[in-house]
Amino acid sequence: MTVKEIFETMDYGPAPESAADALAWLVDQGDRFGHFIDGTFTTPGDGFDSKNPATGETLATLSQATQADVDAAVAAARKAQPKWAKLGGHGRAKHLYALARLLQKHSRLLAVLETLDNGKPIREARDIDIPLVQRHFYHHAGMAQLMADELPGREALGVCGQVIPWNFPLLMLAWKVAPALAMGNTVVLKPAEYTSLTALCFADICRKAGLPKGVVNIVTGDGAVGEMITTHAGIDKVAFTGSTSVGRHIRRATAGQGKGLTLELGGKSPYIVFDDADIDSAIEGLVDAIWFNQGQVCCAGSRLLVQEGIADQFHTKLKARMDKLRVGNPMDKCIDMGALADPVQLQTVTSMVDACDSGEVYRATGDLPANGCYYPPTLISGLSPADPLMQEEIFGPVLVTSTFRTQAEVVELANNTRYGLAATLWTENVNLALDIAPKLAAGVVWINGTNMFDAAAGFGGVRESGFGREGGWEGLSAYTKPIRKTKPL
Ligand code: TAP
């Protein structure tokens, strides 16, 4: 079923009144989508299909941007930027509040689109992704108002080129667009090829909210389009979220161009359970850490480190819990895990696990749908610390586990990776947690909880997980530079 047919028949129930405009727009596109440049949707050109990973059905056909499209998007953003910056924090806040409000009104539509396009459970899209998106715009509307007083002597960077991945399509857009706009920048954004639909719907929301033309431009296509944006001479700052390998490539490709750069990259985050932990809550936390969004989370707690004294008990309980996870149609509100985002991703995860020849692989025993990009919750034990599965990001519902005896040993094991995005500690002893946390090479450490995000708190990594922060003051200041003196000193 295409997007048009799904929304025409609304087999997910009637469209809410407030989403009617965006819905009409989606259906009007007739399943072919152009780019959003200078406040207008371009005529769809040659492109590629966007598919529902749970069914394999084509949802819509999107356009592959050409160099001319990217040039037009950058030119529109350059033209719009001085006026947008001149509006000042209070003027821009009005627009950001309007966007936040419309995103809120279209919540249900956006959640359905996200689930159809990405395969994540509707429960997660509805209760986590879309509310966090709104929160990000509300927060940055407030920060736009505050910033003139709190960040004196700073101004916008100019035009930002933003490239995002497919795991949280609209949320990653919000993390990029909201702070950039709040500080007076304009943007050219490319969503991931697999998951562009909510970005295009967001573009229509910008139009409806009366955002000035050229402030937000969205072009679709593959990595070649990302490359055109990141290396474009008219781009002042590149903000990238994605894999470490592409991040490394972008850093090389933009070296010497004088652009600002922030990179939010991959991870292999440790999930540490001490022997005094509340085991049941640590297991629930772990379900969230590694099976939320099918494990396709940059900060997924994908390396379990459990203290020897409780290891047997913990693994037995964990396997029993894994067997109870329901994997199935992501549009079903009762399922725990949906489909991986794309057949390519399914193939990557499958081949990484199939290559495991030294460890013991445990796959949850629950049923899997016969078709679609489904992979079972999986636990791998008995690997050496240097094993590729212990070191590389799998980016799927696969947890590797090992044990430790002492505090010194767990710090060493936790830091034994090239990444440094996040870490989780589970213990009843807060002094222990506060002692270990600063010893971990991680941008974020959660204690007795996991995957806690807040627009007001900077999020980002160290080592090969990238640099720069998104959210909080650090995230905002990454979109500004000192005001240039116009008169000689
Ligand atoms: P990538 O393959 O790196 O792709 C990310 C984005 O970059 C996509 O839009 C991609 O386009 C584009 N791209 C590909 N080649 C490019 C190039 N040469 N120049 C410019 N752009 C290019 O990552 P992914 O598979 O989409 O996402 C998964 C990765 O993102 C994981 O490693 C995950 O950990 C990371 N991630 C990190 C964070 C944070 S906050 N640290 C958050 C979410 C995800 P196409 O889609 O068309 O290939």
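Predicted model: local features only at pLDDT ≥ 70, side-chain atom pairs only at ≥ 80, totals over all residues.
In the side chain of W166, an N or O atom is 3.1 Å from an oxygen atom of the ligand. The backbone also takes part: an N or O atom of E193 lies 3.1 Å from a ligand oxygen, and a backbone N or O atom of G223 lies 3.3 Å from an oxygen atom of the ligand.

An open sheet is formed by three strands in the order β1-β5-β4, with mixed pairing. Strands β1 (32-33) and β4 (47-51) stand at the edges, and each has a single partner strand, so one side of each lacks a neighbour in the sheet. Helix α8, residues 197-208, packs on this sheet and touches β1, β4 and β5. The direction of α8 makes about 65° with that of β5. Strands β1 and β5 (residues 58-63) run parallel and are joined by two bridges. Within this pairing, R32 has T61 of β5 as its bridge partner.

Zero disulfides are present in the structure. A disulfide requires two cysteine sulfur atoms within 2.5 Å. For C160, the closest cysteine sulfur belongs to C206 and is 15 Å away, which is too far for a bond. C160 has a relative accessibility of 0% and therefore counts as buried. C356 also counts as buried, because its relative accessibility is 16%, under the 20% limit.

Conventions: Residues numbered from 1 in each chain as written. Heavy atoms only, no water. Buried < 20%, exposed > 50% of the residue type's maximum accessible area, 1.4 Å probe, protein only. Pairing = 2+ DSSP bridges. Helix = DSSP H or I, 4+ residues; strand = E, 2+ residues; numbered from the N terminus. Contact = heavy atoms within 4.5 Å. Axes fitted to C-alpha atoms, helices over the stretch in contact; angles between N-to-C directions. Polar contact = N/O pair within 3.5 Å; in protein donor to acceptor, adjacent residues only side chain to side chain.
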